[in-house]
Amino acid sequence: MIFLTLEHILTHISFSIVSIVITIHLMTLLIDEIVGLYDSSEKGMIATFFCITGFLVTRWIHSGHFPLSDLYESLMFLSWSFSIIHMVPKIGNHKNNLSEITTPSAIFTQGFATSGLLTDMHQSAILVPALQSQWLMMHVSMMVLSYAALLCGSLLSIALLVITFRKNIENFSKSNHFLIGSFYFCEIQYVNKKSNVLRNTSFTFRNYHRHQLIQQLDHWSYRVISLGFIFLTIGILSGAVWANEAWGSYWNWDPKETWAFITWTIFAIYLHTRTNKKWQGANSAIVASMGFLIIWICYFGVNLLGIGLHSYGSFTF
C-alpha cells in the first residue's frame, strides 16, 4: 500500500511539473527577454526526470520485475526516455531545439498513462510466463528508447518541413511581387526605392536566420534518429533471441514484429538518403515524417487490437 501511494504521488508530481514547464515554454515564446524562465523550465525537466525515475524504481521494488510489462509502465518509461533525450545535449552545453519537442511529448505520454483508459494497469500484476525472462529489460527498454529517439527525430523533421514550406511560399510571393513591380512606371519605382531596400534587407535577414534554423533541425534530427536506429536494431535482435527461447523461432511475422521491421526499413531508407547530399534536408525529412506515423502504429497498433504474440498489456475502450 505504501509503494502504491508513493507511485501515485511521484506520478502526479512529475505530471504537474512538466505541465508547468509547458506553460513556461509558452511564456518564453512571447517574452524572450526573461532568461530566468528558460532556466526554470530546464530545472523543471530535471525534476521530472528524478520523479519518474523514483516512480520506476518504486514500482520495480514493489512488483519484483522491471516495470515494462504493460502499456502503462511502457508509457511512463517512454516519458522518462523523453526527459533523458532532453537532458543529454545539455551535458555538453550544446544548443538544440529538442526542448520544444521533448517537453510536449513527455506531458502527452504521461497524460495518457494517467488517464482513465489505463486505470486497470495502475496496479502492478504478476508477469505472464512468457515475460519471466532476463531478456525483458534488454529487449523492451531498447525498443521504448528507440521509439522516444525516433519520435523526437521525426518531429524535428516535421518542423523542418513546415519551416521550409513557409519559406518557399514567401519566396514565391516575393518573386510574384517583383514580377508585378516590373510593370510599374519608373516614377513609382523611384519613390518606393527606399522602402523596397528596407523590405529586402529585412527579408534577407529573416531568411538567413530561417536557413540557420533549418540546418540545426536537420543536424539534430539526423543525430537523434541515428541514435534511435541503433536502439531499434539492438531491440529487434534481442527480441529475436528472446522469441527463439520462448516460442522456438527467431521470427514469426507477428503484427508487432512486422511493424517493427517496417519501422526499421523506413529509417534505414532515411539514413541511406542522408549519404547523398542532394537528398539531405527536406527530401530526407519527408521519409522521417512518414516514420512518425509508422512508429505510433507499431507502438499502439497491437495494444489497440489486442492480437498477436505481443498483445500483453493491451487495453480496450
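This is a predicted model: local features need pLDDT of at least 70, side-chain atom pairs count only at pLDDT 80 or more; totals for chains, interfaces and linings use all residues.

Biologist: Is threonine 263 buried or exposed?

Modeller: The cut-off for buried is under 20% relative accessible area. Threonine 263 sits at 1% relative accessibility, so it counts as buried.

Biologist: Which residues is threonine 263 in contact with, leaving aside neighbours within four places in sequence?

Modeller: Threonine 263 lies in helix H8, residues 255-273. With those sequence neighbours left out, its contacts are Leu150, Leu232, Ile294, Ile295 and Cys298.

Biologist: How far apart are the end C-alpha atoms of H8?

Modeller: H8 has 19 residues, and at 1.5 Å a residue they should span 27 Å. The model agrees with that, since the end C-alpha atoms are 27 Å apart.

Biologist: What does the side chain of aspartate 254 reach at the start of H8?

Modeller: One of its side-chain oxygens comes to within 3.1 Å of a backbone atom. Lysine 256 is itself among the buried residues of H8. The atom that aspartate 254 reaches is the backbone nitrogen of lysine 256.

Biologist: Where does the largest nonpolar core lie?

Modeller: This core has 67 residues, with Leu75, Phe77 and Tyr299 among those with the most contacts inside it. H5 gives the largest share, 15 residues. Both domains supply residues, so the core lies between domain 1 (1-120) and domain 2 (133-172 + 206-312).

Methods:
Residues are numbered from 1 along each chain as its sequence is written. Side-chain values use heavy atoms; hydrogens and water are left out. Helices (H or I, at least four residues) and strands (E, at least two) are DSSP runs, numbered from the N terminus. Buried means under 20% relative accessible area, exposed over 50%, partly exposed in between (1.4 Å probe, protein chains only). Contact means heavy atoms within 4.5 Å. A nonpolar core is a set of buried Ala, Val, Leu, Ile, Met, Phe, Trp, Tyr and Cys residues joined through side-chain atoms within 4.5 Å. Domain bounds come from an automatic or database domain assignment. The expected span of a helix is 1.5 Å times one less than its number of residues. A polar contact is a pair of N or O atoms within 3.5 Å; within protein, one must be able to donate a hydrogen and the other to accept it, and residues adjacent in sequence count only if both atoms are side-chain atoms.
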